[in-house]
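Trainee: Could you walk me through how to read a few local features, giving the general idea and then the case here?

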Amino acid sequence: MADPACPKCSRKMASGFVIDQSYGIVTVSKWQAGQPQKSIWTGLKQFKDRQHEIVTWRCGGCGYLESYAP
């Protein structure tokens, strides 16, 4: 995806990602298809085949964030 223009102020947006920190691990946040299902062991059940890493674009002008899960 080419650097898009900000839908708020029309300036150039830069690609990046949202950091997800937990118990000594740092990962890229992911989008999970479906509704959340509770798990006794992990808090929420995870289905790796239904997850997509989130790509986030940030406007250098106004700071607006726009996220996609390709």
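Mentor: Let us begin with exposure, for which buried means under 20% relative accessible area, exposed over 50%, and partly exposed in between (1.4 Å probe, protein chains only). Val26 has 54% relative accessibility and therefore counts as exposed, and Val26 is found in strand S3, residues 25–28; strands (E, at least two residues) are DSSP runs, numbered from the N terminus. This is a predicted model, in which local features need pLDDT of at least 70 and side-chain atom pairs count only at pLDDT 80 or more, while totals for chains, interfaces and linings use all residues. Residues are numbered from 1 along each chain as its sequence is written, and side-chain values use heavy atoms, with hydrogens and water left out.

Trainee: Which residues have a positive phi without being glycine?

Mentor: Ser10 has a phi near 70° and lies in the segment before strand S1 (13–16), whereas Tyr23, with a phi of about 40°, is found in the loop between strand S2 (19–22) and S3. Ser10 counts as exposed because its relative accessibility is 59%, and Tyr23 counts as exposed because its value is 84%.

Trainee: Is Glu66 buried or exposed, and which side chains make polar contacts with Glu66?

Mentor: A polar contact is a pair of N or O atoms within 3.5 Å; within protein, one must be able to donate a hydrogen and the other to accept it, and residues adjacent in sequence count only if both atoms are side-chain atoms. Glu66 is buried, lies in strand S9 (residues 65–68), and has side-chain polar contacts of 3.4 Å with Tyr64 and 2.4 Å with Tyr68.

Key: Helix = DSSP H or I, 4+ residues; strand = E, 2+ residues; numbered from the N terminus. Lys, Arg positive; Asp, Glu negative; His and termini not counted. Salt bridge = Lys/Arg side-chain N within 4 Å of Asp/Glu carboxyl O.
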